[in-house]
Amino acid sequence: MLRIDETSGTLVAPQASGLVQESPPDREELLGLVTASWDAFAGELGLSGVRLLAREPVPYVDLLGIDEASDRVVVILVTGDTVEWQLGRALGAAADVASWDQERLMSVNPELESIDGSQSPALVLVAGGYDPRALATIDWLASRHDVPVSAYTVAMVRFGSERLLSVRREPAEETDRGSEVEWLLSGATPRPQPTADEYTEAPPTT
């Protein structure tokens, strides 16, 4: 979990106790926070190997990054809301970026010159929540078809005048849903976040 520093507009390590649950930040605030504090936020996602290259290079892509280990473009979409159409928008954005030739990629950032155009972009969704059908689709795409898509839910709690942001990977086990916020509201310290080593990593399906 990360504390929102209202003075600097960045995400920093939290203080514990006295927490009250609140709604996540709206899209514009969350996008600004994530952009200003990408290294800290990527660490919470378990994606520390992804480097941020551009904010809103086109209207339908919130953030564009590069996974340096796999030399793959990463399309990142951010919203504090729970909306049914978010997965369709995200897949459409990734599909469009996948069609970009090297010249188009380099116009966004020269560091994309080395990108292998045969690889589909990885897709990362960050939202205040997900429609159950969206989560089922994400799990199906990742676990059954090796589509490089991952989703994360953000939640926020207030500690006095400070706000703290937590991140949980989806689809989560039922026993884990809301557990991070509930654990913190009980007065305990944050539980360690799991590390996501691969985009296609997903819980086994039955």
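Predicted model: local features only at pLDDT ≥ 70, side-chain atom pairs only at ≥ 80, totals over all residues.
## Basis of the description

Local features are described where pLDDT is at least 70, side-chain atom pairs count only at pLDDT 80 or more, and totals for chains, interfaces and linings use all residues. Residues are numbered from 1 along each chain as its sequence is written, and side-chain values use heavy atoms, with hydrogens and water left out.

## The chain as a whole

The secondary structure comprises six helices and nine strands. Helices (H or I, at least four residues) and strands (E, at least two) are DSSP runs, numbered from the N terminus. Of the chain's 206 residues, 46% count as buried. Here buried means under 20% relative accessible area, exposed means over 50%, and partly exposed lies in between, with a 1.4 Å probe and protein chains only.

Contact is defined by heavy atoms within 4.5 Å. Among contacts between residues at least 6 apart in sequence, 67% join residues at least 24 apart.

Strand E7 covers residues 122-127, and six of its six residues are buried. In a regular strand the side chains alternate between the two faces of the sheet. In E7 both faces are covered: Ala122, Val124 and Val126 are buried on one side, and Leu123, Leu125 and Ala127 are buried on the other.

Two strands pair if DSSP finds at least two bridges between them. Strand E6 (residues 72-78) runs parallel to E7 and is joined to it by five bridges; Val78 has Val126 of E7 as its bridge partner. Strand E8 (residues 149-159) also pairs with E7 in the parallel sense, over five bridges. The bridge partner of Leu125 in E8 is Ala151.

## Helix H5

Helix H5 (residues 132-145) has 14 residues and reaches 19 Å from its first C-alpha to its last, close to the 20 Å expected at 1.5 Å a residue. The expected span is 1.5 Å times one less than the number of residues.

The buried residues of H5 are Ala134, Leu135, Ile138, Asp139, Leu141 and Ala142. Seen down the helix axis, these buried residues fall within an arc of 165 degrees, so they line one face of H5. The arc is that of the directions from the helix axis to the C-beta atoms. Pro132, Arg133 and Arg144 are exposed on the other side of H5. The cover over the buried residues of H5 includes H3, E8 and strand E9 (162-170).

## Aromatic rings

Rings of Phe, Tyr and Trp (its six-membered ring) pair if their centres lie within 6.5 Å; planes under 30 degrees apart count as stacked, over 60 as edge-to-face and the rest as tilted. By this rule there is one aromatic pair. Trp38 and Phe41 form this tilted pair, with 6.4 Å centre to centre and 50 degrees between the planes. Both residues, Trp38 and Phe41, are buried. They are separated by about one helical turn because they lie three residues apart in helix H2 (residues 38-45).

Another ring, that of Trp100, has the charged end of Arg104 over it, 4.3 Å from the ring centre. A charge sits over a ring if NZ of Lys or CZ of Arg is within 6 Å of the ring centre and within 35 degrees of the ring normal.

Val34 belongs to helix H1 (residues 27-36) and is buried, with a relative accessible area of 0%. Leaving aside neighbours within four places in sequence, Val34 is in contact with Phe41 and Leu63.

Gly92 lies in helix H3 (residues 86-98) and is partly exposed, with a relative accessible area of 38%. Gly92 and Val61 are 31 residues apart in sequence and 9.7 Å apart in space, C-alpha to C-alpha.
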